[in-house]
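Hi everyone, thanks for coming.

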Amino acid sequence: MPPAHSPSPTSAGSPGSPAPHGASTAPPAGANDTIDALDGRLIRLLAEEPRIGVLECSRRLQVARGTVQARLDRLQAKGVIGGFGPEVDPAAIGYPVTAFATLEISQGQGTDVRAHLASVPEVLELHTITGVGDMMVRIVARSNADLQRVIDRVVGFDGIVRSSTAIVLENPVPYRILPLVDQAAAE
């Protein structure tokens, strides 16, 4: 979930949540020049204690403050860290129903469909995909009845020709990144 505000890493209450779900800046295939063990420890510390400051990071990691700041700047520039905003739970703000919709779109309508979907607040993510559909969206709603309203708004666009929706019943492995960070840092 993209943050509404991204403070600089040196501001009070700084570094926090992991990059938004769709944010990705991948290194070349087979090469891991993106993060090392210190970067991995820094990312883990920031994920576990989002409000920690740069000075406290340097103390806990036992490296110079300038080293931490330089690492943060580099990780941001490379797209490894995409933001420092709060993680917001849709259920906690009144949207407890989550669903995934696979959309088939008319040829040549991708740009218009993307713009339409970006205008729907309940659309949290949009991915273009291979397979049966062309796009997959993660949507939220206030209830199952409200989900119908959201779906109607999503598919009520001429560029979308067919949809299939699956309601999430449970999320036993919520979005996580730290196991992947640990693995990448160890390579």
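Let me start with the term itself: a salt bridge here is a side-chain nitrogen of Lys or Arg within 4 Å of a carboxyl oxygen of Asp or Glu. A word on the source: this is a predicted model, where local features need pLDDT of at least 70, side-chain atom pairs count only at pLDDT 80 or more, and totals for chains, interfaces and linings use all residues. Residues are numbered from 1 along each chain as its sequence is written, and side-chain values use heavy atoms, with hydrogens and water left out.

How many salt bridges does a search of the whole structure find? The search gives 12.

Let's look at Arg74 and Asp39, whose side chains form a salt bridge at 2.5 Å, N to O. This pair links distant parts of the chain, with Arg74 in helix α3 and Asp39 in helix α1, 35 residues apart. Helices, by the way, are DSSP runs of H or I with at least four residues, strands are runs of E with at least two, and both are numbered from the N terminus.

Is Asp39 buried or exposed? Asp39 is buried, at 1% relative accessible area, while Arg74 is partly exposed at 28%. Buried means under 20% relative accessible area, exposed over 50%, and partly exposed in between, using a 1.4 Å probe and protein chains only.

Asp39 also pairs with Arg71, with the closest N and O atoms 2.8 Å apart. Asp36, Asp39, Arg71 and Arg74 are linked in a salt-bridge network.

Finally, Glu125 and Arg138 meet in a salt bridge at 2.9 Å, N to O. Glu125 sits in strand β2 and Arg138 in strand β3, so the pair ties together parts 13 residues apart in sequence. Both Glu125 and Arg138 are buried.
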